[in-house]
Amino acid sequence: MKERTYSKGDFTKDLLPLTRRAQFLDWLKMDYGIFIKVGLTMLLFALPMIAIFLFKSMFISSLEATTDIDVAFSYIVYEALFNLAILLTSLVFVVGVSGLSRVFRLMSWNEPSMFKSDFFQGVKENYKNVVLIPVIVVGSYTLIAFGSDYLHLLMGQESLIPEIIKWSLIAILVFILIPPFLMSISMNSYYSNTFSGNFKNSFH
């Protein structure tokens with residue numbers, strides 16, 4: 001049987017972790033298994049989306065270099081279908097994020113977590129607000145990519161205008177919209193608010 005070493009003195013509030021780093025190390029010392037559970041759970045719910053990304057990169061790359069109009073149009077259709085598949089798998093990934101949000105909240109408050117029950121309770125509490133984020137982000141990217149590819153068909157593959165428009169819109173999506181979305185996910189775990197309320201508050 002493994003021996004355990006206990007403190008000889010009484011536990012006082014002075015022994016509580018004072019910083020987030022100290023709290024993380026305290027959790028790591030007390031229950032490192034929960035970090036393994038969190039990582040494996042996140043990986044499990046991310047696997048479908050990872051598989052779609054890998055398959056898309058291998059399949060689409062073979063069509064990107066073509067100048068044939070029929071094949072180029074097929075590329076647009078296939079990319080749209082892949083983006084739809086990414087959207088559907090991101091909804092699965094959000095299930096994991098929603099459940100783990102409650103687990104993270106309890107850990108940040110230094111409260112014990114019954115991982116399985118807290119995970120499903122987190123899904124129940126958070127999914128309806130968090131699920132809109134991948135719909136907006138992936139849907140916006142799909143429209144941007146489709147518009148860029150269609151402009152390439154009209155203006156030629158050598159034209160830089162569709163690429164300039166595409167990457168300008170992607171920059172707006174990445175640097176202006178996604179950060180508040182990520183902040184609203186965190187806020188959703190702590191505050192009883194609507195999706196639009198959390199998104200609005202994330203700018204403050």
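Start by selecting Asp118, which is buried, with a relative accessible area of 9% (buried means under 20% relative accessible area, exposed over 50% and partly exposed in between, with a 1.4 Å probe and protein chains only). The model is predicted, so that local features need pLDDT of at least 70 and side-chain atom pairs count only at pLDDT 80 or more, while totals for chains, interfaces and linings use all residues. Residues are numbered from 1 along each chain as its sequence is written, and side-chain values use heavy atoms, with hydrogens and water left out.

Asp118 belongs to helix H4, residues 115-130 (helices are DSSP runs of H or I with at least four residues, numbered from the N terminus). Show its surroundings next: setting aside residues up to four places away in sequence, Asp118 touches Gly99, Arg102, Val103, Leu106, Pro112 and Ser113, where contact means heavy atoms within 4.5 Å.

Then select Phe119, buried at a relative accessible area of 6%, together with Phe120, which counts as exposed at 52%. Their ring centres are 5.6 Å apart and their planes stand at 85 degrees, so the pair is edge-to-face (rings of Phe, Tyr and Trp, the latter by its six-membered ring, pair if their centres lie within 6.5 Å; planes under 30 degrees apart are stacked, over 60 edge-to-face and the rest tilted).

Finish at Phe195, which, leaving aside neighbours within four places in sequence, is in contact with Asn129, Leu132, Ile133, Ile136 and Phe181.

Definitions and conventions: Helix = DSSP H or I, 4+ residues; strand = E, 2+ residues; numbered from the N terminus.
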